[in-house]
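My entries follow in the order in which I checked things.

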Amino acid sequence: MDMMQTVHTLTSITPARPWGLDIPNYFWFTGSSAAAFIVSSFAHVFGMKKFKPIAGFSLLVAFVLLVAAPLNLIDDLRQPGRMINFFLYGWENFGTSPMKWGVLLLATYPVLILAEALVLYRPFLVRRLQEANRGVTRAFYKGLTLGRTDLSEEALHKDERLGFILGAVGIPLALCVHGYTGYILGVVHSSPLWHTPLMPILFLASAMVSGTGLLLVILPVAQRFFTTTGRIDKEVMTALARLLGWSIIIDLVVRFFWLTFAVAFNSNERYRLMDFFGYHFHEILWVEYVLCLLIPMIIAFSRLGRRLPWQFAIGFVAAVGVWLFRWNTVIGGQTIGKTTAGLLSYHPHLFGAGSIGAVMANWLLFVALLCAVLLVFPWDEEMDRHYGKELES
Amino acid sequence: MSNVRRNFLKRLGAVVAAAAATMASASPAKAFSSRNPGRDAKDPRYVGQEDKRWGMVMDLSKCIGCQACTAACKAENTIPDRVFRTWVPEYELGRYPRVRKAFLPQLCNHCEKPSCVSVCPTGATFAREDGVVVVDSEICWGCGYCLNACPYDKRYFNPLTQVADKCTYCAHRIDEGLLPACVESCVGGARIFGDLNDPKSEVSRLVSGAPSTVLNPASGTRPQTYYLGLAGELQAQPSGPPILDDLARKRDGLPAAEWTTKA
């Protein structure tokens, strides 16, 4: 007789769970930001020439993603007015609460990216300062150059060194900023879906997928419609598509370890996980794995991966797939009963805190901020310079 | 290094040292606290009774599922609608014709190693000296990390305070020498409360004298709420039908709550 089948809950209370839509969205934003930063560092730190033209652009994307991301967290707080309490109290839990140190990372990392962007774009900003007629514009660009208007060979060399250092410091910081979000979930032993030391690595691997996917979507749009030449760099798109393919491979390998350790071997948690994966089997297998990971990976390495519409499509699908993975992890982990039997289901509200509306608003804000930052920083001029140089040589 | 710079550094050092000394000697109720202002001020409500270790025993053979404890807790602690600090789920065990009913009274287990406390980023939830785990509703910012960290689902967001809330073993009553409201109202005498540090107390006698267990011992949180006669099948049950309340809302055409049990 299967003992598991013989318990029926006649009456109980459905437990409410704290983390709604905001949190998967937040994880997606920070992850994609880390990946965009790393793509930019390929050029600035590792000297990979093929990523040079988009290094500045992806740095700006990383910055905007990370400015928009924490707004999800603030929306998720039940008492957002008490944010100061975070900094005043509770330092005794520094070692045991990843949220405690994670927020510090979250506060320093965007400052670092902004500093790097200001250093790298300084020559362009100085030129805009020199061209500016109105006092307000002059003051604005003067602020952005941080008062350093020297364009001598020596000063430019210093910028390059500083950019390298900031980029080199930024790589571990970017990994930490997104790694900590996985850490936050990984330490929660009450949720069998979360409780694995692989969670930070899992988050980082899938972040590379979503970040590269996002660049494959925004870069062609920005280059086609918002640069003077209107030319989409096919070479860099192909490089990004290849990077997407490799990121998916790494992601799949980590997921293989995660799922086989969690479900295949005899642990107490596996029964709850098998219940969870059994219930969601088809959506996870066909949507998350086949449609959003395997097919984009195959396309990325095939001949189709060199054609723009396919690059755009696989970038979009892979980025959406990682969002679904964040959703399945954060919301899914909370649907598993702890002392109640069975699974829970989540019905997000349309309006109010943590609602569909709030997350949509966050996306709109991201787009608005991206437009504003792309207006202020002369990323298009930088691209033109790279492509101009290519033409000369 | 130039003299100007050296002098500046010296002066800066002196200022920092003075500031640190002032902060160290300031009154305990200072604004900045590495822990929590109430604890620094040694407020008795935050410290508890230092020589005690409060615990509870649930004698399941005596529980009749009357929910008197649930009602008493709600009245005593002014708990809003749809949230509960304690409740008694009702189960049906076995298959027809061999069926029996079981009740599992639940409340915060006041763990010795509470996972809710270690993850709290504001220090709002903490264990008192007597082991009672409480939430400072003035400090909590409502991030919900503790709700997810609790392996027993015994925390919720209070709709009135908008912060994490849970059973306190009626700390305000036990500090006055009274019993928790649920214990006092338990008609079958199924809830026994007392000091686990005192070997002569009834809880100590029951915990050491008869086989007892705690909920989900594998979680490693060392709960201080013990159960006598807990059926093994009541723990770790992967599948279950939807809960009556969710079904009733569906039947009445009400919009589903944000979280419901799966049909």
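I looked up B:M58 and found that its bridge partner in β10(B) is B:Y227. The two strands concerned, β1 (residues 54-59) and β10 (residues 225-228) of chain B, run parallel and are joined by 4 bridges. For my own record, strands here are DSSP runs of E with at least two residues and helices are runs of H or I with at least four, numbered from the N terminus, and two strands pair if DSSP finds at least two bridges between them.

I note that this is a predicted model, in which local features need pLDDT of at least 70 and side-chain atom pairs count only at pLDDT 80 or more, while totals for chains, interfaces and linings use all residues. Residues are numbered from 1 along each chain as its sequence is written, chains are lettered from A and ligands numbered from 1 in the order in which they are written, and side-chain values use heavy atoms, with hydrogens and water left out.

I then traced the open sheet of 4 strands in chain B, which has the order β8-β1-β10-β9 and mixed pairing. β8 (191-195) and β9 (212-213) of chain B are at its edges with a single partner strand each, so one side of each has no neighbour in the sheet.

Next I turned to β2 (residues 90-95) of chain B, which pairs with β1 (residues 7-11) of chain A in the antiparallel sense over 4 bridges. Opposite B:L93 I found A:V7, and opposite B:Y91 I found A:T9. Strand β2(B) also runs antiparallel to β3 (residues 98-103) of chain B, with 6 bridges joining them. These two strands form a hairpin with 2 residues between them, and B:R95 has B:R98 as its bridge partner in β3(B).

In the loop between β2 and β3 of chain B I located B:P97, and the peptide bond that joins B:Y96 to B:P97 is cis, with omega about 5°.

How many residues does each chain bring to the contact? I read 68 residues from chain B and 64 residues from chain A, contact meaning heavy atoms within 4.5 Å. The area buried between the chains is about 6400 Å², of which carbon and sulfur atoms give 55%; buried area is the accessible area (1.4 Å probe) that two parts lose on being put together, summed over both. In chain B, the residues that lose the most area to chain A are B:W141, B:W259 and B:K262, together 15% of what that side buries.

I counted 3 salt bridges between chain B and chain A, each a side-chain nitrogen of Lys or Arg within 4 Å of a carboxyl oxygen of Asp or Glu. A:E92 forms a salt bridge with B:R39, the closest N and O atoms being 2.5 Å apart. On the side of chain B that touches chain A, β2(B) gives the most, with 6 residues.

Finally I looked at chain A as a whole, which has 14 helices and 2 strands. Its radius of gyration, taken over C-alpha atoms, is 23 Å, close to the 21 Å that the globule rule (2.2 Å times the number of residues to the power 0.38) gives for 393 residues, so chain A is as compact as a globular protein of that length. Along its principal axes, the C-alpha trace of chain A spans about 80 × 55 × 35 Å.
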